[in-house]
Amino acid sequence: MLQTKDNQPKLRAYIVAQQQADPTPALDTVCVAKRRIGALCTWWISVYSCADPDLQAAWTGLARVVVVKTVQRDQQMSRQTRYYLTSLRATPVAELAAGIRGYGGIENKPHRTRDVHFQQDTNSIRHPVGAANTALFNTLVLNYLLLHVHQVVSYAQRYFAQSYKQFLPPNTRS
């Protein structure tokens, strides 16, 4: 399953346009409501068959488009729509919903930290090996800063920026 995000603007815009232009009803929809940190969150997860030949040509095995509409009510109301591509054909929408909601925990913990502090989602490296190496290096640096400098990443980054020379090998300091 792949979530289309703002770092893939053409793909996201194409899927949004296709969903708005296609009046075909969803294959199935599930509504989940849960209270989170004092706010009521409601998710509507709808699964659509993907009959678009352009998308299927670009994404081998693509079977469905999943649309997740979220409404969160606390002091103010916020709405969000997310789009996913999946090759899972026979998976019930309830299982897809559980997977998507569980994925949020992954996205909001270590990945969010790397994205906020290293701008990983705006990285323009396109070669898979280069992207993997950059992600690995960022993870190593993040773990080092958290273990040896400070438990709060932003404090560790400021400290490192001010005193980076002490982290260099002795023969390279000048």
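Modeller: Quick convention first: two strands pair if DSSP finds at least two bridges between them.

Biologist: Fine. What am I looking at, and how is it numbered?

Modeller: It's a predicted model, where local features need pLDDT of at least 70 and side-chain atom pairs count only at pLDDT 80 or more, while totals for chains, interfaces and linings use all residues. Numbering starts from 1 along each chain as its sequence is written, and side-chain values use heavy atoms, with hydrogens and water left out.

Biologist: How many helices and strands are in the protein chain?

Modeller: The protein chain has 5 helices and 5 strands (DSSP runs numbered from the N terminus: helices are H or I with at least four residues, strands are E with at least two). From the N terminus on, the order is β-α-β-β-α-β-β-α-α-α.

Biologist: And what share of the residues is buried?

Modeller: 27% of the 174 residues of the protein chain count as buried (under 20% relative accessible area; exposed is over 50%, partly exposed in between, with a 1.4 Å probe and protein chains only).

Biologist: OK, strands. What does β4 pair with?

Modeller: Strand β4, residues 64–73, pairs with β5 in the antiparallel sense over 10 bridges.

Biologist: How many residues sit between β4 and β5?

Modeller: There are 3 residues between them, and the two strands form a hairpin. Arg64 has Thr86 of β5 as its bridge partner, and Gln72 stands opposite Ser78 in β5.

Biologist: Why is β4 described as largely enclosed?

Modeller: Because 7 of the 10 residues of β4 are buried, it is largely enclosed by the rest of the structure.

Biologist: Which strand pairs with β1?

Modeller: β1 (residues 2–4) pairs with β5 (residues 77–86), antiparallel, over 3 bridges. Thr4 has Tyr83 as its bridge partner in β5.

Biologist: Back to Ser78. Buried, exposed or partly exposed?

Modeller: Ser78 counts as partly exposed, because its relative accessibility is 36%. Leaving aside neighbours within four places in sequence, Ser78 is in contact (heavy atoms within 4.5 Å) with Thr70, Val71 and Gln72.

Biologist: How far is Ser78 from Cys41?

Modeller: Their C-alpha atoms are separated by 9.5 Å, and the two are 37 residues apart along the chain.

Biologist: Now β3. Is Thr42 buried or exposed?

Modeller: Thr42 belongs to β3, residues 39–49, and counts as buried because its relative accessibility is 6%. Not counting residues up to four places away in sequence, Thr42 touches Cys31, Val32, Ala33, Lys69, Thr70, Val71 and Arg73. Elsewhere in the pairing, Trp44 has Lys69 of β4 as its bridge partner.

Biologist: Switching to helices. At what angle do α4 and α5 pack?

Modeller: Helix α4 (residues 128–149) and helix α5 (residues 153–162) pack at about 90 degrees, with their axes 9 Å apart (axes are lines fitted to C-alpha atoms, for helices over the stretch in contact, and angles run from 0 to 180 degrees between N-to-C directions). That's why α4 and α5 are roughly perpendicular to each other (65 to 115 degrees).

Biologist: Which residues make the contact?

Modeller: Leu142, Leu145, Leu146 and Val149 come from α4, and Val153, Ala156, Gln157, Tyr159 and Phe160 from α5. By class, that's 8 nonpolar, 1 polar and no charged residues (Ala, Val, Leu, Ile, Met, Phe, Trp, Tyr, Cys and Pro are nonpolar, Asp, Glu, Lys and Arg charged, and the others, Gly among them, polar).

Terms used. Angles under 35 degrees count as roughly parallel, over 145 as roughly antiparallel, 65 to 115 as roughly perpendicular and the rest as oblique.
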